[in-house]
Amino acid sequence: VVLTSVTRDYLPAGGAQYFVNAIAAIRRRKPDVVCELLIPDFNARPAALELIYNCNPAVIGHNIETVPRLYPLIRGQADYHCSLLVLKYFTDLPKARPAKSQIKHLKSGLMVGLGETPEEVVAVMADLKQTGCSWITIGQYLAPSPKHYPVQQYISPAEFAYFQNQAE
C-alpha cells in the first residue's frame with residue numbers, strides 16, 4: 001500500500017499523524033501488508049519526521065522532483081536542500097536506534113523533461129545516494145494542464161537507459 005498526501009503545513013506536525021493513523025488502521029486489518037509512505041517535506045521538522053519513522057513503514061519516499069536550478073520555477077515553495085535533509089534524516093536516525101528500525105528502503109523520484117541537462121540529473125542522483133536513498137524513479141514530466149509549466153523536452157528511451165546505467 002502506498003500512502004501519500006499533499007502538503008499540510010497548517011496542521012500540527014504537517015499532518016504526519018494522519019500517516020501514522022492510516023498505517024495503524026491498515027495493520028490492524030491486515031498486518032502483513034507492506035506499507036510505503038510518500039511524504040511531503042514537513043519543513044524538515046524533527047517532530048513530524050520522528051512520527052513517520054516511528055510508524056515503521058517498509059519504504060519511505062520523498063520526491064526530490066527536479067534539479068536544483070529549476071526549483072524556483074517548478075517547486076517555488078520547496079527547497080532542494082530541505083528535501084535532501086529529510087531523506088538523510090531517515091538514514092541517520094536508525095544509526096542512533098538500530099533495533100527500532102524496520103525501514104527497508106528510502107526512495108525518491110525525479111521528473112525529467114523540464115529543461116534539465118543529463119549532467120544535472122546525474123548530479124541529483126549522486127546527491128540522493130549521499131542521503132542513503134536506495135531507490136529512485138525517473139519519469140517524464142507531463143504538464144497537467146495548459147496553465148502548468150510546459151514540457152521542455154520528451155526524453156527518449158535511450159536517454160532513460162543512460163540514466164538507468166548511471167544510477168546502477
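Modeller: We start with the core and then turn to phi. Keep in mind that this is a predicted model.

Colleague: Which residues in the largest nonpolar core touch the most other members?

Modeller: The general idea is that nonpolar side chains tend to be buried together in soluble globular proteins. Here the largest nonpolar core holds 43 residues. Leu37, Ile39, Phe42, Ile52, Ile64 and Phe90 touch the most other members.

Colleague: Which elements give two or more residues to this core?

Modeller: Four of them are helices: helix 1 (16-29), helix 2 (46-54), helix 4 (80-96) and helix 5 (118-131). Strand 4 (105-112) is on the list too. Helix 4 gives the most, with eight residues.

Colleague: What does Ile64 touch, leaving out residues up to four places away in sequence?

Modeller: Its contacts include Tyr80, Ser83 and Leu84. Ser108, Gly109 and Leu110 are also among them, as are Val124 and Leu128. Tyr71 and Arg75 complete the list.

Colleague: Is Phe42 buried or exposed?

Modeller: Buried, because its relative accessible area is 1% and the cut-off is under 20%.

Colleague: Where is Asn56, and what is its phi?

Modeller: Asn56 lies in the loop between helix 2 and strand 3 (59-61). Its phi is positive, near 55°. Asn56 also counts as buried, at 11% relative accessibility.

Terms used. Residues numbered from 1 in each chain as written. Predicted model: local features only at pLDDT ≥ 70, side-chain atom pairs only at ≥ 80, totals over all residues. Heavy atoms only, no water. Core = buried A, V, L, I, M, F, W, Y, C linked by side-chain atoms within 4.5 Å. Buried < 20%, exposed > 50% of the residue type's maximum accessible area, 1.4 Å probe, protein only. Helix = DSSP H or I, 4+ residues; strand = E, 2+ residues; numbered from the N terminus. Contact = heavy atoms within 4.5 Å.
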